[in-house]
Amino acid sequence: MGGERYDFVLVGGGPASVAAARALRMENSSARIAILCGEATLPYKRPPLTKGFLTGAVDGLQLAMHPPEFYGEQRIDVLIGARAVRVERARHTVTTSDGRLFQYGKLLIATGTSPQGLRLPGSDLQGIRFIHDISDAAALREAASKVRRAVVLGAGFVGVEVAASLRAAGLEITLIERASCVMPQLHALVLSSWFADRCAQQGIRVLTGCNVTRFLGDTRVTGVLTGTGQELACELVVVAIGVTPNCAFLEGSGVTLDNGVLVDECLRTNDPDIYAAGDVANFCDPVFGVRRRIEHWDNALRQGRLAARNMLGKGIPYRDVSIFYGSAFGTAYTFMGQAEEASETVQRGTPSDSAWAVLYLRHNVLRAVFSAGRSAEESAAAEEMIRHRIGLHGARAQLADLQFSLTRLPSQTVLILQGGGALGAFESGAIQALEENGVRPDVISAVSIGAFNGAIVASHPGCATERLKQFWRDLSISLPSRPDSAIHETLLLWYAFWFGVPNFLRPRWWNGELGAGALVPCWTSYYDPADIKALISRYVDFDVLADSPTRLLIGAVDVQTGEQRIFDSYTDRLTPDHLLASGSLPPAMPWTTIDGRAYWDGGLVSNSPLDLVIDRCGRISGRVFALDLFSGGRPMPSNIIDVMRRRDELVYTDRIRNDLRFEEYANDFSDLVLDLMHELDADTARRFKQRPNYIRLMGNRTPIHVSRISLQGALPFATDFDFSVATVEALQRRGQQAAQQVLDETSREMQELGLNV
């Protein structure tokens, strides 16, 4: 076939490709990775092109995303000037403009966009320029140094920034916008008026509702003619009227195109080996329920990272709220969300304040935010409210009050459910108490028996108690019961070993239906889980689960790779097999195969899966209820069986503390960032505080509030497999009592924090 072979070929030299390459290398130390960079320079930062670079305050070296040695150290091949011209899906190849051929295992399309032109008389005159890449910006900067007057076409984000930069360089500027206002994409009259006023204050002439019909001049532009017949003299025109996705080279490849490269919410095209990210990707945005492209640097970075993880088989949806960062006339600002469908706006402060914001609402749900100088904590809280569509009906009258903190508004409630066999009955009792007190989890993260409980709750939101009770009745064993006695424990050990647990595990030696699989040399487990799979199917409504407002995350571990796998009800069509995979504890149970991969119990990796929530939901703001089954004491082991069982309990004990230690480390890091910010001058600090990465890092300093509902007190060693009726009912009562105690102790604090309990 010819051509050089790579595991991953990333087409495009922008932020999405670089972010993807870094993520791929972090996850896979041996993969061959290539970035096909169509430009004649290493990947660089584009946002400063319309600001510091255009004014001369920033040079080309300062724009580099990474120094040249970085790519060598990371073993990432960056091929300069390798512009893709053809993709052949059947052969898994990419051909570049210089005739080179590259074979790929997985392909990422991250080719960005190109500026739209105006097909008008005089469009070929010299002096008509665009600003999209570094060569455009360098040519524009050089041209601007030799002229006195310029016209900028388009008063959007790019046009306003270019006009401000050229005005700062001393040029006379006319800014023309065909819409009726400046910054029409902001859909807010107060913001359009503010930007227009700032232009006027700086001496920029603004014409809105104005079209250009002709460029004037012989060989060089000398002016423009408007639709009203007005001639505007100039020696330079900058066209900033929009962009077009760079995907023409994919025509005929079979990759579906429609205003960009069409991808699903995991950024995958109609070809399972081809992904797209950044400005060129037309993706399903589940936050707003629309399909769209986002032309933001922040979006490209985050989609690039996500696409890389999905090319590695993670299956994670893109559910971020992209943050656009801009700066004009000395004021840095951010914009996040989608303003088009908002029905009203609320101002927090006024443009004359040092810090103010505009909130966009639809049916009292936050849809977008424009912010200038507001805190990172407020912006991060707003991002979460947009992402999770949190209703603000009760707080609507307070939103305009700057003394009212958005960080106090309701946020998500998370429920963490551990694995622990029969100890899952304690969880069912605790869930009953939470439900009776109106606690309705937004997210449930669970493993093993906790995954069974969690699936019942998520598929019966707000009314799961009776289903859980019946589920545990069906799991219970009717045996003579003398809890905490040696006779009772011995009887349970003997019964469970020989006869298993009704409706749960059937010993292989009593199962004639297994055929040849019943022969001892063929065993990979002692018990057959067919019964629990049937029980799960009776008590979990998988159709409701697919559309439930409660998101279910369940953990499993890949038997071959040892990697954790997250199954997510928002992205995966969960089945009994997914739940069984999370609870397939060896050697009692066999692994469960899903899509050709074998999985064991997720508790082997993390039995208190707060990490699943952090991985899939990002910032956690709100109340976390963690059901802790193993923090209570146990008597000292008295024999080798007890020793082995206690060893396993310690393996599965609470790992939430590790996640919280990581949070402490992150807070130490952000403290250092704050110290560094104090060393900067005020203007520079204000600009940095509006950057998306600053907002996400520094806005997440609120501690995670974990309420532990713990199974306290010494328990017999046999309790985790004691499914006797008496023990199950006792555990349920203890769970209900423990949860009620936690709720009673923290109710006042939770009301003060404004959490939805």
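I am working with a predicted model, where local features need pLDDT of at least 70, side-chain atom pairs count only at pLDDT 80 or more, and totals for chains, interfaces and linings use all residues. Residues are numbered from 1 along each chain as its sequence is written, and side-chain values use heavy atoms, with hydrogens and water left out.

Helices (H or I, at least four residues) and strands (E, at least two) are DSSP runs, numbered from the N terminus.

**Y6.** I found Y6 in strand β1, residues 4-11. Y6 counts as buried because its relative accessibility is 2% (buried is under 20% relative accessible area, exposed over 50%, partly exposed in between; 1.4 Å probe, protein chains only). I listed its contacts (heavy atoms within 4.5 Å), leaving out residues up to four places away in sequence: R32, I33, A34, D77, F102, Q103, Y104 and G105. F102 is 96 residues from Y6 along the chain, yet their C-alpha atoms are separated by 7.3 Å.

**S569.** I placed S569 in the loop between β31 (564-568) and α16 (576-582). S569 counts as buried, at 4% relative accessibility. Beyond four places in sequence, S569 touches L545, A546, T550, R551, L552 and L574. Its side chain reaches the backbone nitrogen of L552 at 2.9 Å.

How values were computed. Polar contact = N/O pair within 3.5 Å; in protein donor to acceptor, adjacent residues only side chain to side chain.
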